[in-house]
Amino acid sequence: MERNMKKTVYSMLLLLCFTGAATLYAAKEQRLVWPSKPDPAKIEFTAIITKAKDLKIEKGFFSKFWDFVAGNEEQILVKPFGLHADDEGRIFVGDAASNAVYYFDTQHNKTTVIEGSDDKSFISPIDIASDAGDNIYVSDSVLATILVFDKKGKYLREIGPAHKLHRPTGIAINKKLKRLYVVDTMVSQIIVFSLNGKFIKTIGGYGNGEGEFNRPTFLTIDGAGTLYLSDSMNQRVQILDGEGNFIRGFGQLGSTVGSFASPRGIALDQENNIYVVDNLFHNIQIFNPQGELLLVFGSYGAAKGKFSMPTDITITADGTIYVADAYNMRLQQFKRLK
């Protein structure tokens, strides 16, 4: 009996050792970085996000109890499209299938669903931006307007109807100049407003020359007020000053890295490197400020670090990257490594 017990203990120890080694090996295998060795890693996959819980936002007991009684279910992303994240732990996701904007506040452990104004429900919310007062701006391409909300998600005002926007998509805010830049994809222009909705000017127009656009979609802005635009049907990025004067551009139609098929979301990191989502290549390409290719990450698929028709990207000051992986019904989170 003693011999059998010793055998059992020995077997259990072997099992524990094997399980521990397997777990350690699996943990090492789960680390997904770009580029691969021997080059030093620059981008690391960190999480898949489909609901608030994935961001460690947990409801309190009474909220959970009320949801149970009322039969409410936790909201899950269906078709995330536009993204915006700030340095206060707020993440905004425009869901084109749910006709809503999900507002995840990780610092205050809260989720808010914004569905439109009192008399206008979202039909196709596309992009989101915030101003210095934490007010929230949302473009709706079908309503052809910009709706503005306070930091709690309460409707404030509307921007655009008097100027007759056609199909507003990407938006960005110059907080110093208090200007709102709206990409109107249908007319291939950028429309500039004050934050209270006063029309200022238009930038660009249809064409393929410098400062001309063909169905542009998303844009972003740096601290100096420089605009970075995805000139989607011209398969390029254009860089303009705050008044719309052409500075430089890069990219062309092609099937090799460094070229584009359908550039969409665009974002900048702390070094002003330019991250461009390609909707048809199912990847993100990173360029330096001069437009030289640095790195590509992602490819088509449903696994971690792979994408299916990604649309937008946002980067926080600490180097956290969020990508709207639209047809995989999720966000993916990455970390920029030093």
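User: Which residue in the turn of the hairpin formed by strand 3 and strand 4 has a positive phi?

Analyst: This is a predicted model. Strand 3 (residues 80–85) and strand 4 pair in the antiparallel sense over 5 bridges, with alanine 85 opposite isoleucine 91. The hairpin leaves 4 residues between the two strands. In that turn, the residue with a positive phi, of about 80 degrees, is glycine 89.

User: In strand 5, what is the bridge partner of arginine 90?

Analyst: Strand 4 also pairs with strand 5 (residues 100–105), in the antiparallel sense and over 6 bridges. Their hairpin has 4 residues between the strands, and asparagine 99 takes a positive phi near 55 degrees. The bridge partner of arginine 90 in strand 5 is aspartate 105.

User: How many residues of strand 4 are buried?

Analyst: In a regular strand, side chains alternate between the two faces of the sheet. Arg90, Phe92 and Gly94 point one way from strand 4, while Ile91, Val93 and Asp95 point the other way. Residues on both sides are buried. The count for strand 4 is therefore 6 of 6.

User: Is phenylalanine 199 buried or partly exposed?

Analyst: Phenylalanine 199 forms an edge-to-face aromatic pair with phenylalanine 193, at 6.3 Å centre to centre and 75 degrees between the planes. Phenylalanine 193 has 1% relative accessibility, so this residue counts as buried. Buried requires under 20% relative accessible area. At 35%, phenylalanine 199 is partly exposed.

Note on methods
Residues numbered from 1 in each chain as written. Predicted model: local features only at pLDDT ≥ 70, side-chain atom pairs only at ≥ 80, totals over all residues. Heavy atoms only, no water. Buried < 20%, exposed > 50% of the residue type's maximum accessible area, 1.4 Å probe, protein only. Pairing = 2+ DSSP bridges. Phe/Tyr/Trp six-rings, centres within 6.5 Å; stacked < 30°, edge-to-face > 60°.
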